[in-house]
Amino acid sequence: MDLDYLQMLMGEEEVVVEEEGEGYRNIWVVAERVGDELAPVTLEMLNQAQQLASTLGAYVMAVLVGGDETLAQELIYHGADKVFLFDDPALKDYALEPYIKALGDLFAEKMPEIVLCGATDVGGELAPRLARRLDAVALTNCTGLTLDASQRTLVCTMPVYDGEYSEVVAFSPEVHPQIVTVQPGVFGLPYRDEYRSAEVETVAVDLDGAQPRVKVLNVVAEAEREPVPLPKARIIVSAGRGMGDAEGFALVEQLAAALSGEVAGSRGAVDEGWIDEEKQVGMGGATVRPDLYIACGISGAIQHYFGIQDAKFVVAINRDENAPIFKVADVGIVADAKEVIPAIIEALEA
Amino acid sequence: MRIIVPIRQILDPRGFTVSRRHERIFVNREEYIINPNDKNALEVALRIKDTGGAEVIAVAVGKPRVDDALREAMALGADAAYLLTDEALAQTDAAGAAKALAKAIEKIGDFDLIITGQETLDTGDAQLGPWLAEYFGIAQVTNVREATVSDGALRAKRDWGTGYAEVEAAPPVLLTVAPGANKPRYPHGGRIMAAYREWEVTTWGAEALGLDAADLEPLTEGRGRTFPPERTLGERLTGSPQDVAADLVQQLRLQHVIK
């Protein structure tokens, strides 16, 4: 930690970005908003961008389309060395055409070396359009970003075949800007430092000819969302006979709701009549490959294991410490699921 | 109504096994399939054809073997198919393939919709759709679950945040279809025979598309593969329900399993 940084921490000096220079420079983070807040992936990207920037000797620039001064300050607290803020009220709600015009014009002028977007609904559709507009290429859904310092190129890890393995791909040195979409939840959140200060530059864009072409008729939120089919579900909470009764099964449903996941069951749960046959996991039912599978009161017979062997993270809760499910669980809890589940729901809400 | 469906042929994951321990892929049967997500896209196109009539055209870039994927697309219901292949096209990357598809779509001309998969399983690439929309300067709707056309307007239901949005746009529009959005149909036996015996796949090389070697120069380079860690025997959490729950939630967050 050097003196400049200490002074910065003390709030005595702000980060001053040297704007002069030639060629493609700096790492740009395209900030994304969810409601009135910044999307977590935006903060995660700032964290990663700071690490890349220190290797490259570059600044971390953030661009916020349609936000306000408060959010711009949040970007600075989380690591942005400068924020470009499009505060035109017409940009408040996301629409592709005006957003791509704002970003495209800014990047054409500022010539970024690297652009990071979230691999989200919004970032996922902006990044490839930017790539084409700026005569570059995008690498999408990355879970790892490192630098080939000798060539100043990004080396990206891209999961393939549903995460069976990953391809590692680097940009060619002549590609500028290097545009990446970053998967949410992969990089850690940066430390929020309220004493960090930097410049916010308000920028405007001429939206002539950039009217939205797609009309949004109706948005249906989470509460009314349709159930995801089990083989596609990211989070599954599954019940077995060990839940005891319908009351115990209701707890499993509550846990699934708290995690925004799907409810499933073993053969036993289906036989008890707690859940429909189509929600059965294992042989004779669905094969699943979620990121998280929580088995509640399931002993884990081999028939069940066949259905969950591709799950990325398995949690097992069972009273019987010799239950076979514990052999395949990443985390095992030997306890009565009826006592543990309410505590988990509570801990999730805390 | 003319609908163009760019499809990609990929190695069938049922034909290989991934060994995390050896950090290698063992190919047992080298077989190829249509990228499942592109099959979802073709299904969306064919459903529009079923209800209101449409000409569905499949296009693919790659090696000569990609011919099979295009014949399968015709067996499923596509009216015509174009294979973009030669030595340069067979070796290009995502950007080069996108350029070739754009040129081919221009050459086919007069399209109302372009419908493709949101992502490819074998490279993780998710840029083709919006890239093409930008090339043609047209509207786009990504992560579509269902789409219909009535009175010349396109209506689609797309994933949005934790739910979905219903949107409307006037063609030309590019759609990318969400993975697993629908259950693709099976080909009709008679059409399979016809696809191989009667119907033609039109083949274009880079020159026919007006592309030269510089246009198809890869903009990215492979640097190998990484594999997820081998599964290890799990950890046991002990203590009061509250302690165990707190431990668990902390672990799940640390491992990025939940947010």
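How many residues of chain B are in contact with chain A, and how many residues of chain A are in contact with them? In this predicted model, 74 residues of chain B touch 85 residues of chain A, and between them the two chains bury about 6500 Å², of which 55% lies on carbon and sulfur atoms.

Polar and charged interactions also cross this interface. The count of residue pairs in polar contact between chain B and chain A, with both residues at pLDDT 80 or more, is 30, and the rule finds five salt bridges across the interface. A salt bridge is formed by A:Arg129 with B:Glu134, where the closest N and O atoms are 2.8 Å apart. On the side of chain B that touches chain A, the largest share, ten residues, is contributed by helix H8 (residues 241-254) of chain B, and the residues of that side as a whole divide into 37 nonpolar, 20 polar and 17 charged.

B:Glu134, the salt-bridge partner of A:Arg129, is one of the buried residues of H5(B). Helix H5 (residues 128-136) of chain B has eight of its nine residues buried, and therefore it is largely enclosed by the rest of the structure. The buried residues include B:Trp131, B:Leu132, B:Tyr135 and B:Phe136. After H5(B) comes B:Gly137, which has a positive phi, near 65°.

Notes
Residues numbered from 1 in each chain as written. Chains lettered and ligands numbered in written order. Predicted model: local features only at pLDDT ≥ 70, side-chain atom pairs only at ≥ 80, totals over all residues. Heavy atoms only, no water. Contact = heavy atoms within 4.5 Å. Buried area = accessible area lost by both parts, 1.4 Å probe. Salt bridge = Lys/Arg side-chain N within 4 Å of Asp/Glu carboxyl O. Polar contact = N/O pair within 3.5 Å; in protein donor to acceptor, adjacent residues only side chain to side chain. Helix = DSSP H or I, 4+ residues; strand = E, 2+ residues; numbered from the N terminus. Nonpolar A, V, L, I, M, F, W, Y, C, P; charged D, E, K, R; others polar. Buried < 20%, exposed > 50% of the residue type's maximum accessible area, 1.4 Å probe, protein only.
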